[in-house]
Amino acid sequence: MRFLPVLLLWLAVTVGQPASSFNRSFGSDTMRVDYFHTGGPKAGETFALDQVVIDGPWAGSRAALVDDTNLGPYMFEVRDKTAALLYSRGFGSIYGEWETTAESKTLHRTFHESLRFPWPRDAVTVTVHKRQADNRFQRVWSLDVDPASRFVNRAPVTAHHGRVVPILESGPATEKVDLLVISEGYTAVEMTKFQADAKRLLEALFAEEPFRSRRGDFNVRALELPSGASGVNRPNAGVFRRTPLGVQYNIFDSERYMLTLDNRALRDAASAAPYEFIEILANERTYGGGGVFNDHATASVDSAFSEYVFVHEFGHHFAALGDEYYTSDVAYATGVKDRPEPWEPNLTALEDPATLKWRDLVTPGTPLPTPWDKDAFEQHSAAIQARRREIRKRNAPEEAMDALFAEQQNFEEKFLAAMKYGQAVGAFEGAGYEAKGLYRPQADCIMFTRDSVGFCQVCRRAIARIIDLYSRAPRR
Ligand SMILES: [Zn+2]
């Protein structure tokens, strides 16, 4: 009977909603447009329709329909036949990341993706836009959708395998951020462990600002999705699994990067509950995780740094925060000259300190760029990274990695805090996988190191803005 409160909330939202601009354009369900996003050396970037289906009740805001944050490498728009903008959202995609790897130069690949928006009452045009080098969006795909078409599947979502357990209920789905935590690599008898893992990692998230003070703006639900065996796929370790969501390590051949490429399975499973954001917990000891803006995030639950991974990856997925680190290996092409101003809220190329996007947060008296002990930090970090590669290469027990990361944290946390501008907001060179030409807001942040420092001031503000976007209630 634990699903009852959730059902009642949905009902309350549907019945209690006054006539509004939302109701003129939209019904109470979610429309999901599934498509294949393909590319490769000869294909160019291609979008191909898969299906249009109902994806459960609409859990997003009924007030903040147009996304004014200008985040993400992609965004989509929904317009009516007068071309009036009804809905928009920025997003990241695994395709977009893959496109920057070496593999995309020699191999064609297809990634399944979904666009989710409130169910339109009349025919609409859905367009996908891609951010160009000059930061402007350009249209790359357009699709007319008539909700009355016989090719739009209006069957309600019914076939669910998992059980939904509310963890935090703060109010109607349409007026709260709805986070869904899903089990992966847990057998049916391990669901008690999943619930304990979910609660532990969520406590770590809500211990950090601004999540701590905005806890009441969140609903959190856990989806129990039993796997046949414990653990997820780890190709580089020679441990193979096929789990309900297809979560796997070694995405783009990175030792720690973990995602699912089976978007259809993920969306079908997730439609068991109202949600806007997804974090999948992988029942694994090996350090790893991943996070794609407005797509999904993952974290392994049993490494010594699982809490850090959970919070860091949620930063990518939820608020489009960029990685502030630059000394560990990544699969993406780096070292690009003349890079444009990054769109990520916490990274800058610092072309003009006077127009720095976090200028109003800069600590008075802090030089831009801000001096820091970069060489000493890099020297220490390079030695750690070499030992890290060696640990993975010889497939050492995970305790070796835990110990190395603890040693690194012990050094970096003190080192960064003790510097002259160790607590200031400024612009510190070294960010976004680049040692030169990109800058981060503070010496330390959970997007930079595994130190116990939480999010920097700039990341906090970026997160608060997204909480506002999803928790805004309609005017009554
Ligand atoms: Zn930060």
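**Reading burial, contacts and confidence**

Modeller: In helix H5, the residues that count as buried are Asn263, Leu266, Arg267, Asp268, Ala269 and Ala270. Please note from the outset that the model before us is predicted.

Colleague: How many of the residues of helix H5 are buried, and which residues does this helix span?

Modeller: Burial is judged by counting neighbours: a residue is buried if 20 or more other C-beta atoms lie within 10 Å of its own. Helix H5 covers residues 263-270 and is mostly covered, with six of its eight residues buried. Across the protein chain, 43% of the 476 residues are buried.

Colleague: Is valine 157 buried, partly exposed or exposed?

Modeller: Valine 157 has 17 other C-beta atoms within 10 Å and is therefore partly exposed. This valine sits in the loop that lies between strand E8 (152-153) and strand E9 (163-168).

Colleague: Which residues does valine 157 touch, leaving aside those up to four places away in sequence?

Modeller: Valine 157 touches Ile54, Asp55, Gly56 and Ser271. Alanine 269, one of the buried residues of H5, is 112 residues from valine 157 in sequence, yet their C-alpha atoms are 9.9 Å apart in space. Within the protein chain, among contacts with a separation of 6 or more, 68% join residues 24 or more positions apart.

Colleague: How are helices H7 and H8 oriented to each other?

Modeller: The axes of H7 (residues 374-393) and H8 (residues 398-418) come within 10 Å and cross at roughly 175°. The two helices are therefore roughly antiparallel. On the H7 side, the contact is made by Phe377, His380, Ile384, Arg387, Arg388 and Ile391, and on the H8 side by Ala400, Met401, Leu404, Gln408, Phe411 and Phe415.

Colleague: What does the radius of gyration say about the protein chain as a whole?

Modeller: The value is compared with that of a compact globule, which for 476 residues would be near 23 Å; the protein chain has 22 Å, so the two agree. Its C-alpha atoms fill a box of roughly 65 × 55 × 50 Å along the principal axes. The chain contains nine helices and 18 strands.

Colleague: Where is the pLDDT below 50?

Modeller: The mean pLDDT of the chain is 93, and 93% of its residues reach 70 or more. Over residues 1-19, however, the pLDDT is below 50, although this stretch has 20 contacts in the model beyond near neighbours in sequence. Where pLDDT is low, predicted coordinates should not be read in detail.

Conventions:
Residues are numbered from 1 along each chain as its sequence is written. This is a predicted model: local features need pLDDT of at least 70, side-chain atom pairs count only at pLDDT 80 or more; totals for chains, interfaces and linings use all residues. Axes are lines fitted to C-alpha atoms, for helices over the stretch in contact, and angles run from 0 to 180 degrees between N-to-C directions. Helices (H or I, at least four residues) and strands (E, at least two) are DSSP runs, numbered from the N terminus. Angles under 35 degrees count as roughly parallel, over 145 as roughly antiparallel, 65 to 115 as roughly perpendicular and the rest as oblique. Two residues are in contact if their C-beta atoms, placed from the backbone, lie within 7 Å. pLDDT is the predictor's confidence in each residue, from 0 to 100. The radius of gyration is taken over C-alpha atoms; the globule rule is 2.2 Å times the number of residues to the power 0.38. A residue is buried if 20 or more other C-beta atoms lie within 10 Å of its own, exposed if 12 or fewer, and partly exposed in between; C-beta atoms are placed from the backbone.
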